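Thanks, everyone, for making time this morning.

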Amino acid sequence: MSQPPAPHLDPAAIDFMLDDCATWAIVGLSNDPSRTAYRIAELLQQHGKRIVPVHPKAETVHGEQGYATLAEIPFPVDVVDVFRRSEAAGQFADEAVKIGAKGVWFQLGVVDDAAFTRTTAAGLKMVMDTCPAIQYRNRGQ
């Protein structure tokens, strides 16, 4: 008998974000094509998502205006996708709650159980330690 998925890899949360959420703020996204965030942002655009770069430099990336912080984004954000080390990621989950996001996605290797507890208790969907590219590939997309 197979194990149920870990709470932070809930298929319903993954499906909700990939299928029902259109605007993704990507924390750590810059104009550096060698960075994983750059490639994942491009993939999300190919799947019809609007990406919003969030980086201290507030660069325009893939044709989308960047912002230095989540709080500066002047329109609703559905998902906050975090490309930061685990020890720095939790603050962005908390900021996602403050800006009214619907979901938080911590990338592969990024895990913060306390942030997961806080974020889901606030009513947001959250996944950790996975990547949209992996999840799309698992779906054959």
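Predicted model: local features only at pLDDT ≥ 70, side-chain atom pairs only at ≥ 80, totals over all residues.

Residues are numbered from 1 along each chain as its sequence is written, and side-chain values use heavy atoms, with hydrogens and water left out.

By that rule, the count comes to 6 salt bridges. One of them joins Asp15 to Arg139, with the closest N and O atoms 2.9 Å apart. Asp15 sits in helix 1 (residues 11–20) and Arg139 in the segment after helix 5 (132–138), so that the pair links parts of the chain 124 residues apart; helices are DSSP runs of H or I with at least four residues, strands are runs of E with at least two, and both are numbered from the N terminus.

Arg139 also meets Asp19 in a salt bridge, at 2.9 Å from N to O. Because Asp19 belongs to helix 1 and Arg139 to the segment after helix 5, this pair ties together parts that are 120 residues apart in sequence. Taken together, Asp15, Asp19 and Arg139 are linked in a network of salt bridges.

How exposed is Arg139? It is partly exposed, with a relative accessible area of 30%, where buried means under 20%, exposed over 50% and partly exposed in between, using a 1.4 Å probe and protein chains only. Asp15 is partly exposed at 34%, and Asp19 is likewise partly exposed at 46%.

A further salt bridge connects Glu64 and Arg50, whose closest N and O atoms are 3.7 Å apart. Glu64 lies in the loop between strand 2 (50–54) and strand 3 (79–82), and Arg50 in strand 2, so the pair ties together parts 14 residues apart in sequence.

Now to the interior, where a nonpolar core means a set of buried Ala, Val, Leu, Ile, Met, Phe, Trp, Tyr and Cys residues joined through side-chain atoms within 4.5 Å. The largest such core has 23 residues, of which Leu70, Ile73, Val80 and Phe106 touch the most other members. Helix 3 gives the most to this core, with 4 residues.

Terms used
Salt bridge = Lys/Arg side-chain N within 4 Å of Asp/Glu carboxyl O.
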